[in-house]
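Hi,

Here is the structure I said I would pass on.

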Amino acid sequence: MMTVLQQFPRMRPIVRIFDPLSTFTPVWTFFAPRPANSDFYLLKREKDDVNTETVWTAAVQYQGFRWWHCLYNPGQRAEKALFDTCQELLITAQVGTSLTTLQSVPSYLAVLNFVSNHLSYARGTTQIQFMIVLDPGHSYEDVKPRVLFTSQWHRRDRDAS
């Protein structure tokens, strides 16, 4: 009942009395006004000191939805933060921002920081690159994933793990 009330802006103050952080009563505005019908994927690849490139691999392994996620989903906020950051980067890239300027905007730096410092790499990796891909999923089997953004290669500290 509380989740239904949360969908109406006038009722939210009442719901907040019982759930001040909206932890148990989500607002489903993610699906409005147009539902999401595709998935974003963040991919990465690496180069070693002899310029051997690896294949693109998923930077984040999404676990998928389980029935208990409607009660407890600790990874949801991190996934949403990464999704929002990638989306902001794409919006900034689409307005014709130069690559030099783009590499200094917070969304680009946040994605680069995530890819650089929070993922594992093979020993000897000297450079990394990331890519954002849009995948229409199972509903459009004849449509292939589309590359939305590819970064330049970035140096990586040899001592980083």
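Below is what I found, going from the whole chain down to single residues.

Before anything else, keep in mind that this is a predicted model.

**The overall picture**

The chain has five helices and five strands. Going along the sequence, they come in the order α-α-β-β-α-α-α-β-β-β. There are 161 residues, and buried ones make up 29% of them. Take the contacts between residues at least 6 apart in sequence: 53% of those join residues at least 24 apart. The accessible surface is about 11,500 Å², and carbon and sulfur atoms account for 57% of that.

**The core**

In soluble globular proteins, nonpolar side chains tend to be buried together. In this model the largest nonpolar core has 21 residues. Leu42, Leu89, Tyr108, Val115, Phe130, Ile132 and Phe149 are the ones with the most contacts inside that core. As for where the core comes from, S1, H3, helix H5 (106-117) and strand S3 (125-135) each supply at least two of its residues.

Leaving out residues up to four places away in sequence, Val115 touches Leu42, Lys44, Tyr121, Ile128 and Phe130.

Arg45 sits in strand S1, which covers residues 39-48. Is Arg45 buried or exposed? Its relative accessibility is 17%, and the cut-off for buried is under 20%, so Arg45 counts as buried.

What does the Arg45 side chain make polar contacts with? One partner is the side chain of Glu53, at 3.0 Å, and another is the side chain of Gln129, at 2.7 Å. The Glu53 pairing is also a salt bridge, with the closest N and O atoms 3.0 Å apart. Glu53 itself is partly exposed, at 41% relative accessibility, whereas Arg45 is buried.

Setting aside neighbours within four places in sequence, Arg45 is in contact with Glu53, Thr54, Val55, Trp56, Gln127, Ile128, Gln129 and Trp153.

**The other salt bridges**

How many salt bridges does the structure hold? There are three.

- Lys44 with Glu46, where the closest N and O atoms are 3.4 Å apart. Lys44 is buried, with a relative accessible area of 9%, and Glu46 is buried at 9% as well.
- Lys80 with Asp84, where the closest N and O atoms are 2.7 Å apart. Both residues lie in helix H3, four residues apart, which is about one turn of the helix. Lys80 is partly exposed at 38%, and so is Asp84 at 33%.

Last one: Trp67, Trp68, Leu71 and Tyr72 make a nonpolar surface patch of about 560 Å². Trp68 lies in the loop between strand S2 (57-58) and helix H3 (76-94). With 38% relative accessibility, Trp68 counts as partly exposed.

Cheers

Definitions and conventions: Residues are numbered from 1 along each chain as its sequence is written. This is a predicted model: local features need pLDDT of at least 70, side-chain atom pairs count only at pLDDT 80 or more; totals for chains, interfaces and linings use all residues. Side-chain values use heavy atoms; hydrogens and water are left out. Buried means under 20% relative accessible area, exposed over 50%, partly exposed in between (1.4 Å probe, protein chains only). A polar contact is a pair of N or O atoms within 3.5 Å; within protein, one must be able to donate a hydrogen and the other to accept it, and residues adjacent in sequence count only if both atoms are side-chain atoms. Contact means heavy atoms within 4.5 Å. Accessible areas come from the Shrake-Rupley method with a 1.4 Å probe; for residues, only the protein chains shown count as cover. Patches are made of residues with over 30% relative accessible area and no salt bridge: like charges are joined within 9 Å, nonpolar side chains (Val, Leu, Ile, Met, Phe, Trp, Tyr) within 5 Å. A salt bridge is a side-chain nitrogen of Lys or Arg within 4 Å of a carboxyl oxygen of Asp or Glu. A nonpolar core is a set of buried Ala, Val, Leu, Ile, Met, Phe, Trp, Tyr and Cys residues joined through side-chain atoms within 4.5 Å.
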